Amino acid sequence: MAEPEIPEKYVEDHARILAEVAGTGRRLTREELESRRTMGREAAEAGHQLRALVSLHLSATRAHWPRTAIGAGAGTVEAVLAAVEQSVDAFAEGFERAQRLTVRREEAARREFIDDLLYGRSDLGRLAERATRFGLRLSRAHAVAVAAGPEGYTESDNVPRSVEASLLARFSGRKILLTTKDGRLVCIAPGSQPDVLRYFAKQAHAATDGGQVAIGRAHPGPGGVVHSYDEALDALDLAQRMGLDDPVLDAADLLVYPVLTRDRQAMADLVRSELGPLKEARGGAEPLLRTLSVYFDAGCVAAETARRLSLSVRALTYRLERIHQLTGSDPSDPMHRYTLQTAVIGARLLDWPANEL
């Protein structure tokens, strides 16, 4: 597309100033400098390119070079060149100020949109309209991935920038929104393109020095983004409480945990009744609770459990027997195992015994 023609008004004062400087040798006045800045601001707001505007000024300088400066002494030529420098510099300053203001406005509008989108604020219809400006079609299903690293990040940091550059290089033209929220990296992509979020997870894990990434399920409509975002946040929180160290977590794989805690009071009662007696053991409940947790994670294989706990098989057997004595439930008995394992999961979710139930 051809650049729009630049009106001559942006260089009219420039030509007049050169003619006056050639006759007097003066410098530009404060009012003239401010006028040039105003012209630069107007040119930026009109959408013209600075390169083309500078070229126009140089052409105007050549076309309107004062006759009195031709054949004049070095002092006159130097004064005219100094005036050219002052005029173009003031014009460019006004142009750049306007551009910075526009960028700040765009950044503020983008941040406001992201906050509204991820918090589910604003009218959904209006939100969908605003989304098209940022490359999202909220009438379709979207999924959200969230990456948490060892430190908090903002959009101007190197980590988000490097991840974004990798995504753009790999998926140029895709409708992707990468941002930061509460110090975490957030990627929003169409639900029909899971490869985008998988690649984001890989890049974010590497860029954050081993940070954990959670991917929410795809949901349709403007409210679908906040739903998927909440699922990803819940997955990260769950991973911390449950000690899950997988680099990438799928919310779809963790749905059983919200189900288990949907009736918090019932789960608390189960933990108290099944595991409460462990508090009577020497050293409290924590060592035996960890033994149960590792035992179930190891598939109830005694040798593997002992290895993970750095115990002998005999010492592990003693612990399991002690658990049986205190709780009345035998971890090696399939009839008791499900109840005990559910209670152990509940203890992790409810942070027991650190928190009294």
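Is Ser310 buried or exposed?

Analyst: Ser310 counts as exposed, because its relative accessibility is 67%; the cut-offs are under 20% relative accessible area for buried, over 50% for exposed and partly exposed in between, with a 1.4 Å probe and protein chains only. The model is predicted, so local features need pLDDT of at least 70 and side-chain atom pairs count only at pLDDT 80 or more, while totals for chains, interfaces and linings use all residues. Residues are numbered from 1 along each chain as its sequence is written, and side-chain values use heavy atoms, with hydrogens and water left out.

Ser310 sits in the loop between α12 and α13 (313–327); helices (H or I, at least four residues) and strands (E, at least two) are DSSP runs numbered from the N terminus. Its phi is positive, about 60°, although Ser310 is not a glycine. Most residues other than glycine have a negative phi, and most peptide bonds are trans. Cys300, in the loop between α11 and α12, is also not a glycine and has a positive phi of about 65°. A cis peptide bond joins Trp352 to Pro353, with omega near 10°, and Pro353 lies in the segment after α14.

The helices on either side of the Cys300 loop are α11 and α12. Helix α11 (residues 286–297) packs on helix α12 (residues 302–309) at an angle of about 130°, and their axes are 9 Å apart; axes are lines fitted to C-alpha atoms, for helices over the stretch in contact, and angles run from 0 to 180 degrees between N-to-C directions. That angle makes α11 oblique to α12, since under 35 degrees counts as roughly parallel, over 145 as roughly antiparallel, 65 to 115 as roughly perpendicular and the rest as oblique. The crossing is right-handed, meaning that the near helix is turned clockwise from the far one by less than a right angle. From α11, the contact (heavy atoms within 4.5 Å) takes Arg290, Thr291, Val294, Tyr295 and Asp297, and from α12 it takes Thr305, Arg308 and Leu309. By class these are 3 nonpolar, 2 polar and 3 charged residues; Ala, Val, Leu, Ile, Met, Phe, Trp, Tyr, Cys and Pro count as nonpolar, Asp, Glu, Lys and Arg as charged, and the others, Gly among them, as polar.

For comparison, helix α6 (residues 158–170) and helix α7 (residues 194–207) pack at about 145°, with axes 10 Å apart, and cross in a right-handed way. Val159, Ser162, Val163, Ser166, Leu167 and Arg170 of α6 meet Val196, Tyr199, Phe200, Gln203, Ala204 and Ala207 of α7. This contact has 8 nonpolar, 3 polar and 1 charged residues.
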